[in-house]
Amino acid sequence: MSHETITRLPIVKGSVRTLRQQEELPLLRGHLLRLDPASRHDRFHGFMDDSFIERYAAKCADDGTVIIAYIEDGVVRGAAELHPPDQSPDSLPEIAFSVEARVRRQGVGSILFKKLIAEARSKGYRSLRITTGAQNQAMRALAHKFGAHLTFRHGESTGTIDLDRQPMPEPAMATPADAARAMVNANRA
Ligand SMILES: CC(C)(COP(=O)(O)OP(=O)(O)OC[C@H]1O[C@@H](n2cnc3c(N)ncnc32)[C@H](O)[C@@H]1OP(=O)(O)O)[C@@H](O)C(=O)NCCC(=O)NCCS
């Protein structure tokens with residue numbers, strides 16, 4: 001996915017695109033720091049403090065992690081992370097998701113997931129790994145929707161997503177149906 005790719009979402013008012021590494025780091029950091037304590041806990045498996053999150057965002061900007069962001073009025077409200085395979089012992093790229101509470105359950109996580117799969121495919125990856133807390137119903141539902149088979153161990157669930165078995169993603173730009181829906185929503189508003 002190129003940096004310019006922008007998809008209009010039909011229901012929520014923002015757009016989705018890949019963040020520019022380094023330059024747009026503050027947008028990711030701001031989003032992660034805005035996560036409420038429970039979401040931070042879910043996203044970082046218990047690591048909660050600001051300094052951890054700041055170091056984490058800086059590392060993402062440096063190590064080749066691709067960040068696909070949901071942006072409203074120039075502010076990142078959701079992010080999908082695609083980490084390079086060389087960071088995991090068995091060379092499977094790790095993925096992770098975060099959506100701020102006020103825009104949840106409107107399909108933002110799902111569209112980020114779709115874009116992430118398209119990006120992973122374009123890099124030639126065959127499968128991805130996701131790890132989440134065993135109690136994290138939302139992430140488990142989202143991962144399940146995209147074909148992850150999660151297994152449980154020590155309070156965590158880990159799953160792999162086989163990209164060869166995923167349906168092809170929708171085109172990067174909004175489809176005519178999306179555009180029509182967006183117009184309907186705009187008219188309603
Ligand atoms: C997990 C998370 C990213 C989901 O984002 P979202 O934008 O709400 O996701 P969506 O609206 O696309 O929902 C995806 C699916 O999960 C389901 N879902 C979402 N939240 C749910 C919940 N709390 N309980 C059960 N199912 C849930 C939705 O119904 C939807 O399924 P559907 O399309 O069949 O209806 C978000 O809850 C989050 O950021 N949580 C905190 C951080 C975190 O836990 N990250 C995971 C660690 S990697």
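1. Let's start at the ligand: α2, β5, α4 and α5 each supply at least two residues of the shell around the ligand. Helices (H or I, at least four residues) and strands (E, at least two) are DSSP runs, numbered from the N terminus. The largest share of that shell, 6 residues, comes from α5. The shell holds 22 residues, of which D42, G109, S110, A138 and A141 come nearest to the ligand. A residue is near a molecule or strand if its C-beta atom, placed from the backbone, lies within 6 Å of it.

2. A word on the model and its numbering. This is a predicted model, in which local features need pLDDT of at least 70 and side-chain atom pairs count only at pLDDT 80 or more, while totals for chains, interfaces and linings use all residues. Residues are numbered from 1 along each chain as its sequence is written.

3. Now the overall layout. The chain has 6 helices and 8 strands, and along the sequence they follow the pattern β-β-α-α-α-β-β-β-α-β-α-β-β-α. Of its 189 residues, 30% count as buried. Here, buried is 20 or more other C-beta atoms within 10 Å of a residue's own, exposed is 12 or fewer, and partly exposed is in between, with C-beta atoms placed from the backbone. Among contacts with a separation of 6 or more, 59% are between residues 24 or more positions apart; a contact is a pair of C-beta atoms, placed from the backbone, within 7 Å.

4. On to the largest nonpolar core, which has 33 residues; L28, I67, I68, A69, A80, L112 and L116 touch the most other members. Such a core is a set of buried Ala, Val, Leu, Ile, Met, Phe, Trp, Tyr and Cys residues joined through C-beta atoms within 7 Å. The elements giving two or more residues to this core are α1 (25-34), α3 (50-62), β3 (66-72), β4 (75-82), β5 (94-99), α4 (108-122), β6 (127-133) and α5 (137-145). The largest share, 7 residues, comes from α4. As for I67, its contacts beyond the neighbours within four places in sequence are T18, L19, L28, C60, A79 and E81.

5. Helix α2 (residues 37-44) deserves a look of its own: its buried residues are R40, D42 and R43. These sit on the same side of α2, because they cover an arc of only 165 degrees around the axis, the arc being that of the directions from the helix axis to the C-beta atoms. The buried residues of α2 pack against β5, β6 and α5. The face turned away from the buried side carries the exposed residues P37 and A38. After α2 comes H45, whose phi is positive, near 50 degrees.

6. What about the strand pairing? Strands pair if DSSP finds at least two bridges between them. β4 and β5 run antiparallel and are joined by 5 bridges, with L82 and I95 as bridge partners. β5 and β6 run parallel and are joined by 2 bridges, and I95 stands opposite I130 in β6. From β5 the chain crosses through α4 to β6, a right-handed β-α-β crossover: with the strands pointing away from the viewer, the path from the first strand over the helix to the second runs clockwise.

7. Last, a loop residue. G74 is found between β3 and β4, and G74 is exposed, with 7 other C-beta atoms within 10 Å. The C-alpha atoms of G74 and L27 are separated by 8.5 Å, although the two are 47 residues apart along the chain.

Methods:
Two residues are in contact if their C-beta atoms, placed from the backbone, lie within 7 Å.
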